[in-house]
Amino acid sequence: MLEEGFSSDRYSAILGNLKDNGYLNSKDVEILMQEYITTQKITFDCISNEKAKIVSEALIDNYNRLKSK
């Protein structure tokens with residue numbers, strides 16, 4: 001899902017990468033970022049289960065990439 005070699009410590013960058021690769025649209029990113037800013041938590045209540053799974057897997061993948069550096 002994330003571009004090969006991509007990793008970031010910023011949630012917004014991860015969401016942007018998913019949007020650039022066609023997994024999310026601008027509205028999804030806007031909603032997820034607004035939820036994060038409001039609650040200070042990563043929540044998926046505002047998007048479909050399918051998209052929530054994609055973001056979840058991307059976050060795990062990104063964590064593993066950062067950890068292996």
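This is a predicted model: local features need pLDDT of at least 70, side-chain atom pairs count only at pLDDT 80 or more; totals for chains, interfaces and linings use all residues.
Let's start with a pair of charged side chains: Asp61 and Arg65 meet in a salt bridge, and their closest N and O atoms are 3.0 Å apart. Both residues sit in helix α3, and because they are four residues apart there, about one helical turn separates them. Asp61 is partly exposed, with a relative accessible area of 28%.

How many salt bridges does a search of the whole structure find? The search finds four. Side chains of opposite charge can pair when their charged atoms come close.

| Salt bridge | N to O distance |
|---|---|
| Asp28 and Lys51 | 2.5 Å |
| Asp61 and Arg65 | 3.0 Å |
| Glu57 and Lys53 | 3.9 Å |

The pair Glu57 and Lys53 also belongs to helix α3, where the two residues are four apart, about one turn of the helix. Glu57 is partly exposed at a relative accessible area of 35%, while Lys53 counts as exposed at 53%.

Which parts does the pair of Asp28 and Lys51 tie together? The side chains of these two residues form a salt bridge at 2.5 Å, N to O. Asp28 lies in helix α2 (residues 26–39) and Lys51 in helix α3 (residues 49–67), so this pair links parts that are 23 residues apart in sequence. Is Asp28 buried or exposed? Asp28 has 9% relative accessibility and therefore counts as buried, the cut-off being under 20%.

Now for the chain as a whole. The secondary structure comes to three helices and zero strands, and the elements run α-α-α from the N terminus on. The radius of gyration of the protein chain is 11 Å, which agrees with the value near 11 Å for a compact globule of 69 residues. Taken along the principal axes, the C-alpha atoms fill a box of roughly 30 × 25 × 15 Å.

Of the 69 residues, 35% are buried. Among contacts between residues at least 6 apart in sequence, 44% join residues at least 24 apart. The accessible surface comes to about 4,600 Å², and carbon and sulfur atoms account for 48% of that surface.

Terms used. Residues are numbered from 1 along each chain as its sequence is written. Side-chain values use heavy atoms; hydrogens and water are left out. Buried means under 20% relative accessible area, exposed over 50%, partly exposed in between (1.4 Å probe, protein chains only). The radius of gyration is taken over C-alpha atoms; the globule rule is 2.2 Å times the number of residues to the power 0.38. Contact means heavy atoms within 4.5 Å. Accessible areas come from the Shrake-Rupley method with a 1.4 Å probe; for residues, only the protein chains shown count as cover.
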